[in-house]
Amino acid sequence: MDMADDPEYEEEEPSFSDSDDFVDDIEDDELLSDILREKPLEADGIDSVVVVDNVPQVGPERLEKLKNVIHKIFSKFGKITNEFYPEADGLTKGYIFLEYLAPTQAQEAVKNADGYKLDKQHTFRVNVFTDFDKYMNINDEWETPEKQDFKDFGNMRHWIEDPDCRDHFSVIYESGERTAIFANDAKEAITVEERARWTETYVRWSPKGTYLATFHQRGIALWGGEKFKQIQRFSHQGVSLIDFSPCERYVVTFSPLMDTKEDPQAIIIWDILTGQKKRGFHCESSAHWPIFKWSHDGKFFARMTQDTLSIYETPSMGLLDKKSLKISGIKDFSWSPGDNIIAFWVPEDKDIPARVTLMQLPSRQEIRVRNLFNVVDCKLHWQRNGDYLCVKVDRTPKGTQGVVTNFEIFRMREKQVPVDVVEMKEGIIAFAWEPNGSKFAVLHGESPRINSSFYHVKNNGKIELIKSFDKQQANSIFWSPQGQFLVLAGLRSMNGALAFVDTSDCTLMNIAEHYMASDVEWDPTGRYVVTSVSWWSHKVNHRTGPTDVSTGDSPVFLLELTAVAVDNAYWLWTFQGRLLQKNNKDRFCQLLWRPRPATLLGSEEIKVIKKDLKKYSKIFEQKDRLSQSKASKELVDKRRAMMEEYRSYREAAAQTLLDQKELRLELRGGVDTDELDSNVEDWEEETIEFFINEEIIPLGDL
């Protein structure tokens, strides 16, 4: 019988009590770690909350609209799970609380929305809620901040220190798949950097050559330094156009995908050094890029809308004097390249004549107004130093048919800005100022009778016609950056006809052709010029560049009009028109020279260098002869290394010979045999004769 079945049997219950001497040394974290991990914390969720200050104070009737605007701006950084708008006396208090799904989203909102300008009166200040505890508990005693690691991108202007003074240029080929940076050399370009898929469309150099900008679907990247490291990136979805400020402090990006009424994102101005967004703008059309035009020093930028000229100042990015200029009918404007002067023109309005106005900034003082009559159109052309302004005026004089063109030349450096007039009786094809001088070139007439004329603006108030060439095959003018020399080019439809001209005496140095050439690019020194046939120009009917097809530095794509085979290549010429290289690249797309910053030398120092130029030219001529020799650079380096090795060996052997001299004298009884003519008096002359060979020839055989 089982004891468990015995009704009198009672099972003794086990004791769960601790013994008297038991010591509990197990922590709750060890026993309940999984449960304690889920215990709510006092600060749970606060890391995901942001506080937005400087929000408009509105009543109930406008609250819903405010919420929609706030939600549109801040929902880009993550999902908003909760929002709170404190109120008092029927109005919101001017600050709000937004809770995100995760703390990382809140941090992203702080990073991108702090400093966001909603309108003229409201600029958001955004903080994470936990910042309040941090700022409340700041120690009264000063603590030295932690030292931040310095990001060394190398020498940002290293190419200027090249001992052989080689300029850089960028090349895109293989239909955009490959991008390379080359150092120019008369014999053969030297590869500096080459990468696959470096950009998705085209590239752009900054005005001083410090940065190379590449385009990507999600934004822009800037590269620089000796190894072309990534310096900065700017997130702007669908970006297609950019523009730099002349000082390289700001970059402007345009995207047709981002704009909304409440949140202007079509055009964004960025701070290059910090990567921060400075301000966003609406943009209805990018047909006339750049929308914003910069002053020469980057202190101001301006845009034109209907009857309005808006001038902004940096670094605040706000309107100058907090208001725009109301200019009824304004058609175009342009900044002086040398001063903070803006030129604009207004067409005729009933009995009021058209006028060109020059305005000084920031004072807004009108320093010159020129009235014009019977005006059809005007174009503004500044000389690169801002010494002259040419206004090309197309008129229809009363009682005549057709259009007559005048050039109104403003002398900017003279008192009261006098104006000279040049009348042209033929249609104008192209106009261009000499960059560093007082001459200008004009192409006029109609094909096939196109003429080129060269004028000189003299100090005595006269404009002199220097020379004219008739029957030119040209539709574009390209001056050397240093002046004096230019190329008259017949691009695209004119099959790439080229004329190289020296304007000092107006001689044609050479006439050549680069068949179907689409672009002409001078190097910064004016020593070399490149002509090229772009694959883009013959394959795609799509424009991504902002400037005129004949003069722009951004690519312009045109529909293919012919089935004739064209070599996609770039050719290198001297400024005199001597062809140096033909570089064929598979599906070559774009070539851009890297700009140089302004020289640090003053005018007096430049005069001294020009005076002593013959002394320097001997050094350069010697280098040129060396570079033109048949020996390759590798062979020259090898020979130099061998010569250096021989010199080292010879010096070591000579030292050994000297160290062993005493030993030699001892072995030779004190006779110094190191010199061939040593101890001549001890020599003895002895003549030795010995038989070498004998040959007997019979006379009968002769």
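**Briefing: strands, cores and salt bridges in a predicted model**

Strand S33 (residues 449-457) and S34 run antiparallel and are joined by six bridges. Strands count as paired if DSSP finds at least two bridges between them. Strands (E, at least two residues) and helices (H or I, at least four) are DSSP runs, numbered from the N terminus.

This is a predicted model, in which local features need pLDDT of at least 70 and side-chain atom pairs count only at pLDDT 80 or more, while totals for chains, interfaces and linings use all residues. Residues are numbered from 1 along each chain as its sequence is written, and side-chain values use heavy atoms, with hydrogens and water left out.

**Confidence**

- pLDDT is the predictor's confidence in each residue, from 0 to 100. The protein chain has a mean pLDDT of 86, and 86% of its residues reach 70 or more.
- Residues 540-564 have pLDDT below 50; beyond near neighbours in sequence, this stretch has 52 contacts in the model. A contact is heavy atoms within 4.5 Å.
- Where pLDDT is low, the predicted coordinates should not be read in detail.

**Sheet S31 to S34**

- S33 and S34 belong to an open sheet of four strands, ordered S31-S32-S33-S34 with antiparallel pairing.
- Strand S31 (428-433) and strand S34 (463-469) are at the edges; each has a single partner strand, so one side of each is left without a neighbour in the sheet.
- On average, neighbouring strands of this sheet are turned by 20 degrees against each other, direction ignored. Axes are lines fitted to C-alpha atoms, for helices over the stretch in contact, and angles run from 0 to 180 degrees between N-to-C directions.
- Phe-454 faces Lys-467 in S34.

**Sheet S35 to S38**

- Another open sheet of four strands has the order S35-S36-S37-S38, with antiparallel pairing.
- Strand S35 (476-479) and strand S38 (507-513) form its edges; each has a single partner strand, so one side of each is left without a neighbour in the sheet.
- Here too, neighbouring strands are turned by 20 degrees against each other on average, direction ignored.
- Six bridges hold strand S36 (residues 485-490) and strand S37 (residues 497-502) in antiparallel pairing. Ala-489 has Leu-498 in S37 as its bridge partner.

**Strand S20 and its partners**

- Five of the six residues of strand S20 (residues 308-313) are buried, so S20 is largely enclosed by the rest of the structure. Buried means under 20% relative accessible area, exposed over 50%, and partly exposed in between (1.4 Å probe, protein chains only).
- Strand S19 (residues 300-305) runs antiparallel to S20 over six bridges. Ala-302 stands opposite Ile-311 in S20.
- The hairpin of S19 and S20 has two residues between the strands, and Asp-307 takes a positive phi near 60 degrees.
- Strand S22 (residues 325-326) pairs with S20 in the antiparallel sense over two bridges. Leu-309 stands opposite Leu-325 in S22.
- Strand S21 (residues 318-319) also pairs with S20 in the antiparallel sense, over two bridges. Tyr-312 stands opposite Leu-319 in S21.
- Four residues separate S20 and S21 in their hairpin; Met-317 in the turn has a positive phi of about 65 degrees.

**Nonpolar cores**

- A nonpolar core is a set of buried Ala, Val, Leu, Ile, Met, Phe, Trp, Tyr and Cys residues joined through side-chain atoms within 4.5 Å.
- The largest core has 46 residues; Ile-220, Leu-222, Ile-242, Ile-267 and Phe-301 touch the most other members.
- Elements giving two or more residues to this core include strand S12 (219-224), strand S14 (241-244) and strand S16 (267-271).
- Leu-222 touches residues including Tyr-211, Leu-212, Phe-234, Phe-244 and Ile-272, not counting residues up to four places away in sequence.
- A second, separate core has 24 residues, among them Val-50, Val-55, Tyr-100 and Ala-106.

**Salt bridges**

- A salt bridge is a side-chain nitrogen of Lys or Arg within 4 Å of a carboxyl oxygen of Asp or Glu. The count is 24.
- Asp-167 pairs with Arg-596, the closest N and O atoms being 2.7 Å apart. Asp-167 lies in the loop between helix H5 (131-136) and strand S7 (168-173), and Arg-596 in the loop between strand S43 (590-593) and helix H7 (603-611), so the pair ties together parts that are 429 residues apart in sequence.
- Asp-167 is buried at 2% relative accessibility, whereas Arg-596 is partly exposed at 32%.
- Arg-364 forms a salt bridge with Asp-321, with the closest N and O atoms 3.6 Å apart. Arg-364 is buried at 16% relative accessibility; Asp-321 is partly exposed at 48%.
- A network of salt bridges links Asp-162, Asp-164, Arg-166 and Asp-185.
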